[in-house]
Amino acid sequence: HDALPILVEKLQRLGIRSIDAGTTDSLRRIFVTRAVRLLVVDHEIEGFFTGQEIIRKLRTALITVPAVLISSNASLDADESRRLGLIVHVEAAANHDEIAEAVRRFLSRCPDEQKLIPEQAREIVSRYGDFPVLPQSILQLLQFLEMPAEEVPIDDLRREIGRDPKASAVLLKAVNASSTGLSREITNVRDALRVLGVRTTIERILHSAIFDGIGLLWNGIPADLQSWHTRRTLLIASAASSFTVESETNAEETIFLIGLLQDVGILYLLRSFPREYAAILARWRAVGHLKLGMMETAEFGCTHAAVSAAIAERMRLPRSMMLLILNHLESVQTATQRGAHPGLHRAISFGEAVADLTDAPHPIRRHFLDSMLVGHGQWKREEGLRRVASATARAAAAAFELSTISVPSAAELEVMVLSALSGPLREHGSAMGAFANECIR
């Protein structure tokens, strides 16, 4: 600790504003009152906790700031460091100049990324705290989500799921759903993981945890807006993942997760500006040609997409997912230029278009959705509605597992898509009702 002022001074000379926390109490106050970009901590710090244990407690509190750990034995800490999402180890034998240089390299690695999300969006999120605290096991699953499926340690994954009764229950419910076609009931995590696979297992549990977290944000919001946001969220996730299935991008579960999160910023804007934002929503839902993002930017300096991305950033979602959430209101050309995957962007844009059409069935919104369906190269116009109806019903069944609030009814689903289409496609409309009726029943 006596050497910390020297390191702080060297960082200051590099133009890096630095603070010596001194004690864990001081560190806690710093995180509450300041925006911190990087934590440097000594593993062998004096006191009751090691440096790694301090980082673990911060992660439990959903404080996900990147960290540099100074340790005399990096190899012993490697597995735990990976789970905690550390950036880099620095050997304890390193001098102050070497530590300062490691900090400088990290902070200069991606300066443009810090500018992707408007500061106004980050301030709105900070005003009401982070996304509701997720269990440690769920935070670990977020780390696994960034890894290729074949590299995820199966024993660690099974252990993390087993620690969380809710996660285990969600997994067993998913694997025993009729859609899996099993002849016997699965009763343990090991068998469920083997049947569903690593990726689907992780994402099904995350879906449930994220939706539960969103539910906590509804407190204090009028009941009619709670119901509207719930149904909109599930509809976006269902429609987007259905579009993903039919466009063969092989990312159905990931897109469903993004669909759950991409409009969570609406709840933060409602909390920050209850009367003003409620008025904007009411006008946008009634006037079909208005653009919600343009109205939000004009009034608050940022869109709900930017606020949702600030949440995704604090949750340490993979950058690819954060970029899709951030740019889901943009054109595919703009989103692609900013680093978003074009195929996945089209999927979440489709989900947004379907949900927007239910709020205001304006000709402009119908034309936009129609163009997405019939303009999709591999879909023949006559087959478009049938394929969307089938996939949407499958996705809606998964959405129904998350909430006791009804997903859109068969009639609503039918009107929603048929209103955007005309002519020969209408003869396939009965498919929508049949599939939706079955999944909701």
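**View 1. Here is where α17 and α18 meet, in a predicted model.** On the α17 side, the residues making contact are Ala305, Ala306, Ser308, Ala309, Ala312 and Glu313, and their partners in α18 are Met322, Ile325 and Leu326. Sorted by class, this contact between α17 and α18 brings together seven nonpolar residues, one polar and one charged.

View 2. As for handedness, α17 and α18 make a right-handed crossing.

**View 3. Next up is Aspartate 191, in helix α10.** The helix covers residues 189-196. Is Aspartate 191 buried or exposed? With a relative accessible area of 14%, Aspartate 191 is buried, because the cut-off for buried is under 20%. Leaving aside residues up to four places away in sequence, Aspartate 191 touches Arg184 and Ile186.

**View 4. Stepping back, the whole chain has 24 helices and three strands.** It runs to 441 residues, and 51% of them count as buried. Take the contacts in the chain with a separation of 6 or more: 66% of those pair up residues 24 or more positions apart. The chain's accessible surface comes to about 20,700 Å², and carbon and sulfur atoms account for 52% of that surface.

Note on methods. Residues are numbered from 1 along each chain as its sequence is written. This is a predicted model: local features need pLDDT of at least 70, side-chain atom pairs count only at pLDDT 80 or more; totals for chains, interfaces and linings use all residues. Side-chain values use heavy atoms; hydrogens and water are left out. Helices (H or I, at least four residues) and strands (E, at least two) are DSSP runs, numbered from the N terminus. Buried means under 20% relative accessible area, exposed over 50%, partly exposed in between (1.4 Å probe, protein chains only). Contact means heavy atoms within 4.5 Å. Accessible areas come from the Shrake-Rupley method with a 1.4 Å probe; for residues, only the protein chains shown count as cover. A crossing is left-handed if the near helix is turned anticlockwise from the far one by less than a right angle, and right-handed if clockwise. Ala, Val, Leu, Ile, Met, Phe, Trp, Tyr, Cys and Pro count as nonpolar, Asp, Glu, Lys and Arg as charged, and the others, Gly among them, as polar.
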